[in-house]
Amino acid sequence: MNKLLDKVYPYTLFPLFAFPLLKENISMIFLGVFALFTIRHKFINKTKVEINYNWLVFTIPFFIVVVASTLRGELVKNLGEINHALLFLVLPLLFFLSANELFTKEKIIQYFKFLIYCCAVLIFIYIILFLVNHQFYELFATKYNSSLFRDFVYSKTNFFTIHPAYLTSVTLFGTAFCIEQLKAKFSYLYLFLIVLFFSFTFLLLTKLNIVLITILILYSIFTYNKIKVFYKITLALLITLSAFTLIYFTPGMMLRIFEVINSLNTEPIGAAYDSTNIRKAIYTCDFYLIRENYWFGVGFSELKLELLNCFKENYQSVFYKDHLYLTHNYFIYILLGSGIFGLISILYFFYKSYTFLLNLKSLTIGVFMLNTLLMCMIEDYLYRQNGVLFFLLVLLSLFKFNSKNKANLFDK
């Protein structure tokens with residue numbers, strides 16, 4: 001029995017990398033399985049736990065919420081917010097205790113490939129489910145300032161619940177990974193995945209990641225030494241033409257571009273609002289609250305209500321009637337939840353994490369770092385489970401490998 005469980009243990013990490021395909025509660029069940037196997041492995045093998053304080057850095061976001069809540073006397077009141085940050089305690093602890101043989105170079109590459117394949121499978125499932133429920137021509141139809149397909153992915157699939165912005169962040173990572181693999185050895189599979197992820201990013205209308213994936217592909221072409229200059233220019237022109245063609249013909253894309261242009265300087269009034277002026281209203285209220293509360297914040301449990309009160313005082317609209325908005329900026333979320341010292345702590349967390357990641361000198365990790373930083377500036381990225389899972393699974397896997405091997409995973 002023990003031998004069987006030992007053989008199963010290395011595979012318990014794979015389901016965590018399948019998070020794009022899974023509901024959040026199912027991902028947590030697999031995390032529990034991985035935890036049980038890790039504890040069992042540690043107990044059976046009686047391996048000595050050597051304290052490594054470098055791992056404590058990865059728990060900082062959790063302790064920001066706990067310490068701030070304790071100092072404000074709102075520990076019980078903030079249990080929901082603490083739960084959102086709990087992965088920043090659980091995952092570093094489990095990865096620290098887990099067996100080193102789970103994090104060899106070969107296995108981490110397998111984890112990354114598995115994550116990418118899961119995204120590809122999810123894309124095909126989305127398309128199939130959409131076509132089961134809609135006519136083919138509706139794949140190119142629009143609804144308000146979006147497309148029917150994006151709306152379907154965003155809110156009509158009950159089992160697959162990952163937000164389009166988070167999914168395209170993973171596919172952006174996958175695109176960079178496929179590009180690096182292609183540079184090492186040509187493969188039609190990786191070329192197909194790049195085309196698939198590039199096209200799907202446009203279909204989901206995620207503006208930031210459309211820009212990033214286009215820049216990534218163009219950058220990769222110009223920095224690939226084995227291609228002659230003429231072919232580099234030709235490929236770059238084809239990619240640029242493809243991008244503009246997709247922008248023009250993708251359902252809802254031009255509508256969203258015109259929305260940004262037309263709504264950036266308008267305020268939501270009554271039922272006349274869209275994602276652009278709502279986001280502007282959120283950031284306006286964010287800075288109203290920062291001016292009055294930058295030393296100690298308003299408290300994590302009060303943040304949504306403080307924003308709601310700001311909306312009521314400044315906007316005659318209904319956009320906030322049925323939804324409690326957060327800051328749409330993870331750094332502002334920490335600042336308003338815990339004050340200036342919490343912000344300094346989270347910046348230190350990013351500084352230490354990014355200092356380590358920069359040493360890897362990998363296109364894949366560089367794209368991962370840039371995307372995470374930008375997503376944290378426009379979304380509550382590390383407040384959401386999928387954002388935390390994605391960030392920590394990549395970061396901690398690489399750190400676990402590096403802490404024992406003292407080598408760069410991406411060295412050829």
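Visitor: Is Lys-361 buried or exposed?
Guide: Lys-361 counts as exposed, at 75% relative accessibility. With a 1.4 Å probe and protein chains only, buried means under 20% relative accessible area, exposed over 50%, and partly exposed in between.

Visitor: What sort of model is it?
Guide: This is a predicted model, where local features need pLDDT of at least 70, side-chain atom pairs count only at pLDDT 80 or more, and totals for chains, interfaces and linings use all residues. Residues are numbered from 1 along each chain as its sequence is written, and side-chain values use heavy atoms, leaving out hydrogens and water.

Visitor: Where does Lys-361 sit?
Guide: In the loop between α16 (340–358) and α17 (363–378); helices are DSSP runs of H or I, at least four residues, numbered from the N terminus. Lys-361 has a positive phi of about 50 degrees, although it is not a glycine.

Visitor: And what about His-328's phi?
Guide: Positive, about 60 degrees, and His-328 is not a glycine either. His-328 is buried, at a relative accessible area of 15%.

Visitor: Switching to packing: how do α6 and α18 cross?
Guide: Their axes, lines fitted to C-alpha atoms over the stretch in contact, come within 10 Å and cross at roughly 165 degrees. Angles run from 0 to 180 degrees between N-to-C directions. So α6 is roughly antiparallel to α18, the term for angles over 145 degrees.

Visitor: Which residues of α6 and α18 meet?
Guide: Lys-105, Ile-108, Phe-112 and Leu-115 in α6 meet Phe-390, Val-394, Ser-397, Leu-398 and Phe-401 in α18, contact meaning heavy atoms within 4.5 Å.

Notes: Helices (H or I, at least four residues) and strands (E, at least two) are DSSP runs, numbered from the N terminus. Angles under 35 degrees count as roughly parallel, over 145 as roughly antiparallel, 65 to 115 as roughly perpendicular and the rest as oblique.
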